Amino acid sequence: MTTITIGLDGANWDLIGDWLADGDLPNLQRLIDDGVGGVSQSCLPPLTVPNWKCYATGKNPGKLGVYRFDRIDTRNRKHVFHDATDFKSAELWDYLNDEGMTAGVINKPSTYPPKQLDGFMVAGGPDASETEYRSLKRGFATPPEVEEFLREELDYQVHPTPMISPSEKGPKEIEAVLDLVDLRFTAAKALLEREDPDFLHLTVFYSMALQHYFYDEEPVYEAWQRIDRHLGDLLDQGHDILIMSDHGTCYVETVFYINVWLQQQGYLSVEKNIDGVLRKAGITRERALSVAKRLNMVETLSRVVPEGIQKMVPWDEGVKRDRVLSILDWDETRAIASNQGPIYLTLERDDPGYEELRTELIESLESLRHPDTGAPIVKAVYRGEEYYDGPYVDNAPDLILDQGDNVHTSDAIGPSEAISDSGVWLGGNMPDGVFLFSGPSFRSEGLTQEARIVDLAPTLLHTMGAAVPEDMDGEVLDVFAPDSEAATRTVRTRRALDDDRTDEEADDAGVEDRLADLGYLE
């Protein structure tokens, strides 16, 4: 028997509830009927990064040193992008290895560059990258023989080609994502048989891109149909299975352009820039790409137009990505924000006005309401060092937002109003995700429980007879069948392992490009 985690990026029960009720996802429904689970709460911000690492380590970001894909370094006035080498923690598979068990990890975000395991690791998007290539051909998996098998036998791809993006989400891009869903499961089933690991983790990531752009429309329904068919292949094999997500997806009813709001309130200042001039003239990337497609000149223009010039052309929504920082009047800016609302202040923390500014922002944001509905735009605002706990809280953003219901917080600068009823995404991120344990070790209770994402790693370790590290924030959940071995065994604890990979090289440019393609950097 192998213990298997199937991670479904952005899954939540509300999104798929009607499909379950209509019998369109029979294999997932069977797992629900035979298992126990419910809603899992992710850490804030509710993003792929840091939450896949919160799952794998059982820790909050204050013990990891990473709080989202990137951070804004206000002192040096630049974005800093993260990969696997920046996280300061061992993961659950490291502990399984330490107790003599093998583990395989496929496509989990924040695993690039892949590390050596007693088993195998296949790096996951969107952070897997090479300096010159979007679709990796080498360097995405360890050990080399597993990578060779995936490449030669399965024609494995780390990223879809063509890449789906805010301006490119047609039939070819959709089919590329759907094909990748199939390929992920094909690889998992092949390596399960070939390597026979004690533990297997698989993340299906790019289906979340479909949910961002289509929410519950046909492309997303088709992705879930394919997921369900593959889940059926894993039933009746006697495995313990965990179905989980890093966060959930909500229908976006309101877009909050937080940097526009900061600008309107006098906390952020923008210099005159070419981006604004082009946007007022109606010259945007979406429109330029549309013309280039009609003339069949997309590849030609991408080669002959310098990258620096390309970046100056704004999106329909305005200035995004690294251009946000490039147009700031830093001397007149006191606060700048990222997607989903982490806010970074330009004041030093020992500045007499620092705490006064934080308090002022908290009060203003928590009182902000939609002009038509009166609904809160922000549920709560937390000081970074109060929300997180651990040795790396000094690296946390100065403020963390818990977004209002059905609100997507964008960092784009350009819209005339800070609050809008529509934006790039139909589906936005929210903290409510899913978890479901099913198999011989677990009760048959349905969706009756609640958990935190940090509870999943200790529960998996205990399920497999391994000790739980003392520095994990999570707890072993009460999910076991009364007659199971895990139910009768006392939870063992142990000292934490060191896992320092900070001397390995990262590729910020490749990560930035991929995140921008997906719309994570707005």
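Start by selecting Asp-22: with a relative accessibility of 57%, it counts as exposed, since exposed means over 50% relative accessible area, buried under 20%, and partly exposed in between (1.4 Å probe, protein chains only). You'll find Asp-22 in the loop between helix H1 (13–21) and helix H2 (26–34). Helices here are DSSP runs of H or I with at least four residues, strands are runs of E with at least two, and both are numbered from the N terminus.

A word on what you're looking at: this is a predicted model, where local features need pLDDT of at least 70 and side-chain atom pairs count only at pLDDT 80 or more, while totals for chains, interfaces and linings use all residues. Residues are numbered from 1 along each chain as its sequence is written, and side-chain values use heavy atoms, with hydrogens and water left out.

Zoom out for a moment. The chain has 19 helices and 22 strands, and 61% of its 522 residues count as buried. It exposes about 20500 Å², with carbon and sulfur atoms supplying 45% of that; the areas come from the Shrake-Rupley method with a 1.4 Å probe. Of the contacts (heavy atoms within 4.5 Å) with a separation of 6 or more, 76% are between residues 24 or more positions apart.

Next, go to Gly-62. Is Gly-62 buried or exposed? Its relative accessible area is 0%, so Gly-62 is buried. Gly-62 sits in the loop between helix H3 (48–57) and strand S3 (70–73). Leaving out residues up to four places away in sequence, Gly-62 touches Tyr-67, and also Tyr-388, Asp-389, Gly-390, Pro-391, Tyr-392 and Val-393.

One joins Leu-44 and Pro-45, with omega at about -10°; Pro-45 belongs to the loop between strand S2 (35–41) and H3. The other runs from Val-49 to Pro-50, with omega near 25°, and Pro-50 is in helix H3.

Ser-110 is not a glycine, yet its phi is positive, near 70°. Look for Ser-110 in the loop between strand S5 (103–108) and strand S6 (119–123); it counts as buried because its relative accessibility is 4%. Asp-155 also has a positive phi without being a glycine, about 50°, and lies in the loop between helix H5 (144–154) and helix H6 (171–195).

Last stop: Val-476, in the loop between strand S21 (468–469) and helix H18 (485–488). At 26% relative accessibility, Val-476 counts as partly exposed. Which residues does Val-476 touch, not counting those up to four places away in sequence? Select Pro-458, Thr-459, His-462, Val-468 and Val-491. To finish, check the C-alpha atoms of Val-476 and Thr-463, which are separated by 9.0 Å and lie 13 residues apart along the chain.
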